[in-house]
Amino acid sequence: MEYAAGGTLREHYPKGTKLSLETLDTYVTQLANESVTGTAQLSIASGKLTVKITMSGLAPNSTHIPHIHKGSCEAQGDVLYSLAPVAADASGKGTSTTVVPNVSSIPAKGWYVNVHLASTKSDLDTQTGFDPIACGNVATK
Ligand SMILES: [Cu+2]
């Protein structure tokens with residue numbers, strides 16, 4: 001039986017190929033709002049969590065603070081990890097990469113990535129600043 005469009009995992013990794021942790025533990029979450037789109041990719045390697053966020057449709061030259069929160073976009077909870085700010089260029093595209101030490105696994109559910117309007121920590125304390133411009137639930141791809 002064939003499930004994956006690009007072939008089965010076994011076809012990509014013939015017997016005997018050692019899969020790296022990063023290959024096994026890659027999670028992608030779609031971030032979307034009205035005009036903002038993007039993805040966050042989470043992976044675990046050597047006890048560290050790496051989060052790569054790629055966004056477009058942002059206000060030109062704007063900066064936004066992302067977090068990983070506990071819960072989901074539908075039932076939002078506390079901040080779990082602060083991530084590096086996403087800084088948009090003149091065309092509204094921005095990326096952010098954060099490495100968080102001492103994380104050994106990503107739960108199958110219960111985390112979400114939230115990108116806030118705020119560009120500074122003090123902005124985050126305001127309701128407008130705290131408002132998410134994009135949100136995506138972390139889930140296995
Ligand atoms: Cu947050």
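Mentor: A nonpolar core is a set of buried Ala, Val, Leu, Ile, Met, Phe, Trp, Tyr and Cys residues joined through C-beta atoms within 7 Å, where buried means that 20 or more other C-beta atoms, placed from the backbone, lie within 10 Å of a residue's own. This is a predicted model, so local features need pLDDT of at least 70 and side-chain atom pairs count only at pLDDT 80 or more, while totals for chains, interfaces and linings use all residues. Residues are numbered from 1 along each chain as its sequence is written.

Trainee: Which residues touch the most other members of the largest nonpolar core?

Mentor: L31, V51, M55 and A134 do, out of the 25 residues in that core. Strand 2, strand 3, strand 9 and strand 10 (132-137) each supply at least two residues of this core, strands being DSSP E runs of at least two residues, numbered from the N terminus.

Trainee: What does M55 touch, leaving out residues up to four places away in sequence?

Mentor: M55 touches L31, V36, G38, V86, K93, G94, V115 and A134, a contact being two C-beta atoms within 7 Å. Two of these partners, L31 and A134, are themselves among the core residues that touch the most other members.

Trainee: What makes strand 2 and strand 3 a pair, and how do they run?

Mentor: DSSP has to find at least two bridges between paired strands, and 9 bridges join strand 2 to strand 3, so the two count as paired, and they run antiparallel. Within this arrangement, Q41 stands opposite K52 in strand 3.

Trainee: What lies between those two strands in their hairpin?

Mentor: The hairpin has 2 residues between the strands, and S46 takes a positive phi near 50° there, although S46 is not a glycine.

Trainee: Why is S46 called exposed?

Mentor: S46 has 9 C-beta neighbours inside 10 Å, and exposed means 12 or fewer, so S46 falls in that class.

Trainee: Where is N102, and what is its phi?

Mentor: N102 is placed in the loop between strand 8 (94-101) and strand 9 (111-116), and has a positive phi of about 60° although it is not a glycine. N102 also counts as exposed, because its C-beta neighbours inside 10 Å number 7.

Trainee: How many helices and strands does the protein have, and what share of its residues is buried?

Mentor: There are 4 helices (DSSP H or I runs of at least four residues) and 10 strands, following the pattern α-α-β-β-β-β-β-β-β-β-β-α-α-β along the sequence. Of the 141 residues, 26% count as buried.
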